[in-house]
Amino acid sequence: MSQTYRYNRENATRVAGVTSLKDAIGQLLKAYQLQTRFNETYLEAFWGRMMGPAIASRTNRLYVRDRKLHIEIGSAPLRNELVNAKQKLIQLINKDMGSDVIDDVIFI
């Protein structure tokens, strides 16, 4: 049983295009149940791109906990406008993310 390992170049080649990197990372996140946390972190990181500079510059704090987006906004008129458009905000974020990341928005 003490056979030595022999490298076989024909068996070691990879077939190009089997799995893309995006698909491989997606499978990894799904296997380790990290997809939800990844989406939440993505939302926090790209808040300015999603909402634009006017809203992003007035946002003091932003975090996701238990599928609820917590936003601290320094401008009272802007907070009032966002409270009135709460459902539209949820739909916009979920559409941009490609999945249901948040269920509710809480303004601090």
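Predicted model: local features only at pLDDT ≥ 70, side-chain atom pairs only at ≥ 80, totals over all residues.
Student: Where does Q33 lie, and is Q33 buried or exposed?

Tutor: Q33 has a positive phi of about 55 degrees although it is not a glycine. Q33 sits in the loop that runs between α2 (21–31) and α3 (35–45). Since exposed means over 50% relative accessible area, and the relative accessible area of Q33 is 72%, Q33 counts as exposed.

Student: In which loop is R67 found, and what is the relative accessibility of R67?

Tutor: R67 is not a glycine, and yet R67 has a positive phi of about 60 degrees. The loop that holds R67 lies between β1 (59–65) and β2 (68–73). R67 counts as partly exposed, because its relative accessibility is 30%.

Student: Which residues form a nonpolar patch on the surface together with Y32, and how much accessible area do they have together?

Tutor: Y32 lies in the loop between α2 and α3, and with a relative accessible area of 58% Y32 is exposed. On the surface, Y32 forms a nonpolar patch with L28 and L34. Together, L28, Y32 and L34 have an accessible area of about 330 Å².

Student: Is N39 buried or exposed?

Tutor: N39 has its place in helix α3. The cut-off for buried is under 20% relative accessible area. Because the relative accessible area of N39 is 11%, N39 is buried.

Student: Which residue has a side chain joined to that of N39 by a polar contact?

Tutor: When its neighbours within four places in sequence are left aside, N39 is in contact with M97, S99 and V101. A polar contact of 3.5 Å joins the side chain of N39 to the side chain of S99.

Student: What is the distance at which the side chain of E44 reaches the backbone nitrogen of V64?

Tutor: E44 has its place in helix α3, and E44 counts as partly exposed because its relative accessibility is 28%. Not counting residues up to four places away in sequence, E44 touches R37, L62, Y63 and V64. In the case of V64, the side chain of E44 reaches the backbone nitrogen at 3.2 Å.

Student: How many Å apart in space are E44 and N60, C-alpha to C-alpha?

Tutor: Along the sequence, E44 and N60 are 16 residues apart. In space, the separation of E44 and N60, taken from C-alpha to C-alpha, is 12 Å.

Conventions
Residues numbered from 1 in each chain as written. Heavy atoms only, no water. Helix = DSSP H or I, 4+ residues; strand = E, 2+ residues; numbered from the N terminus. Buried < 20%, exposed > 50% of the residue type's maximum accessible area, 1.4 Å probe, protein only. Patch = residues over 30% accessible without salt bridge, like charges linked within 9 Å, V, L, I, M, F, W, Y side chains within 5 Å. Areas by Shrake-Rupley, 256 points an atom, 1.4 Å probe, with all protein chains shown as cover. Salt bridge = Lys/Arg side-chain N within 4 Å of Asp/Glu carboxyl O. Polar contact = N/O pair within 3.5 Å; in protein donor to acceptor, adjacent residues only side chain to side chain. Contact = heavy atoms within 4.5 Å.
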